[in-house]
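Here is a short briefing on one protein chain. Keep the structure open as you read.

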Amino acid sequence: MKLTKERLYILLAFFSIYVIWGSTYLLNKILVSQLAPLYAASIRFITASILIFTIAKFLKIPLKITKRQLRNTAIAGFLFLTIGNGLVVWALKSVDSGFAALEISAQPLVVLILLRILEGKKIQPMSILGVVIGCIGIYLLVSQREMIGQEGMVTGMIMIFICMLSWAYCSLFVSKADLPSNFFVNTGYQMLFGGSLLLIGSLIVGEERLPFSSWNTEIINSMGMLIIFGSIVAFTAFNYLLSKVSPEKVATSTYVNPIVALILGWYFLDETFSAQSLIAAAVLLTGVYFINTKKTITLFKRFKKEI
């Protein structure tokens with residue numbers, strides 16, 4: 001198969017959302033150890049948007065967009081970043097980074113169900129099997145008594161589920177919405193709106209805003225990596241992929257993200273996981289595989305012929 005320029009960009013974009021985003025759970029967990037969650041997320045995205053617009057100006061990329069595109073980027077910024085990311089960062093105050101990544105690995109299941117409900121898309125037999133397996137995996141993950149008993153754990157689980165709904169719905173929205181044709185500019189506007197709304201949310205709930213002079217080296221490094229790699233590089237790659245491939249394929253980043261997050265959380269934060277969590281991870285990822293696979297089990301082939 002010939003490696004065209006577009007195919008290379010798609011491969012690099014998938015690498016970004018697979019590996020870079022997997023590391024953001026660790027980086028955000030480090031941030032909320034010292035910074036208020038909404039405040040930290042707002043700084044990340046507002047700073048990233050300013051950098052993006054500065055680079056765009058330097059490269060002479062036009063920033064002008066239509067009113068409809070402005071509205072759509074505001075909606076996407078709210079759903080993807082204010083809700084879809086802000087609540088995850090908040091949940092990380094009480095939930096381990098690896099656990100959060102595992103719960104979010106069910107996102108393809110949510111995307112598939114929304115496609116059925118909102119667009120009437122037919123669910124293939126293999127995908128139905130994936131949904132069933134995925135639901136079993138989610139139950140195994142969130143039903144652990146030792147975890148449910150931890151302070152703030154249930155609230156964190158609920159927040160992450162809301163994030164999944166918001167992210168999945170917005171994935172469908174942006175795949176059809178009128179957005180700036182330049183993915184760099186598109187990302188910049190989404191982050192500007194999403195970050196600004198996060199800052200407003202931080203002010204409303206009365207979060208403490210720790211001055212930059214009080215940040216330690218670990219916090220500064222984590223914020224820097226989140227801004228440059230997690231925001232500018234990976235989120236631009238994500239927006240690019242949504243215009244090139246189906247939302248279900250983009251959602252397959254959840255195959256790799258939990259593995260990266262688990263390894264990093266274990267290595268850097270000494271996070272531990274029960275045997276049930278590891279079994280749940282295997283079941284969940286198996287369900288995600290069946291949801292996205294194009295293969296058909298022989299039994300289903302025969303069944304379809306008989307019908």
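Helices (H or I, at least four residues) and strands (E, at least two) are DSSP runs, numbered from the N terminus. This is a predicted model, where local features need pLDDT of at least 70, side-chain atom pairs count only at pLDDT 80 or more, and totals for chains, interfaces and linings use all residues. Residues are numbered from 1 along each chain as its sequence is written, and side-chain values use heavy atoms, with hydrogens and water left out.

**Confidence**

- pLDDT is the predictor's confidence in each residue, from 0 to 100.
- The chain has an average pLDDT of 87, and 94% of the residues score at least 70.
- Confidence is highest in helix α3 (residues 67-83), at a mean of 97.
- Confidence is lowest in helix α15 (residues 298-306), where the mean is 39.
- Over residues 296-307, pLDDT stays under 50.
- For residues 296-307 the model has 7 contacts beyond four places in sequence; contact means heavy atoms within 4.5 Å.

**Record annotation**

- UniProt, in an unreviewed entry, places the feature "domain: EamA" at residues 11-142 and 155-293.
- UniProt positions are given in the numbering used here, feature names are shortened, and annotations may be inferred rather than shown by experiment.
- The span of residues 11-142 is 80% helix and 0% strand. Its end C-alpha atoms lie 33 Å apart.

**Salt bridges**

- A salt bridge is a side-chain nitrogen of Lys or Arg within 4 Å of a carboxyl oxygen of Asp or Glu.
- How many salt bridges does a search of the whole structure find? The search finds 2.
- One joins E6 and K244, with the closest N and O atoms 3.3 Å apart. This pair links distant parts of the chain, 238 residues apart: E6 sits in helix α1 (residues 5-31) and K244 in helix α11 (residues 217-244).
- E6 is partly exposed, at 41% relative accessible area, and K244 is partly exposed at 37%. Buried means under 20% relative accessible area, exposed over 50%, and partly exposed in between (1.4 Å probe, protein chains only).
- K176 forms a salt bridge with E119, and their closest N and O atoms are 3.4 Å apart. K176 lies in the loop between α9 and α10 and E119 in helix α6 (residues 107-119), so the pair ties together parts that are 57 residues apart in sequence.
- K176 is exposed, with a relative accessible area of 62%, while E119 is partly exposed at 37%.

**Nonpolar surface patch**

- F78, W90, L197, I200, I204 and V205 form a nonpolar patch on the surface. Together they have about 550 Å² of accessible area.
- Patches are made of residues with over 30% relative accessible area and no salt bridge; like charges are joined within 9 Å, and nonpolar side chains (Val, Leu, Ile, Met, Phe, Trp, Tyr) within 5 Å.
- Accessible areas come from the Shrake-Rupley method with a 1.4 Å probe; for residues, only the protein chains shown count as cover.
- Helix α10 (residues 183-205) gives the most to the patch, with 4 residues.
- V205 is in helix α10 and is partly exposed, with a relative accessible area of 47%.

**Loop residues**

- K60 is in the loop between α2 (37-58) and α3. Its phi is near 60 degrees, a positive value in a residue other than glycine. K60 is exposed, at 74% relative accessibility.
- D270 lies in the loop between α13 (253-269) and α14 (275-292). D270 is not a glycine, yet has a positive phi of about 60 degrees. D270 is exposed, at 64% relative accessible area.
- E151 lies in the loop between α8 (145-148) and α9 (153-174). E151 is exposed, at 78%.
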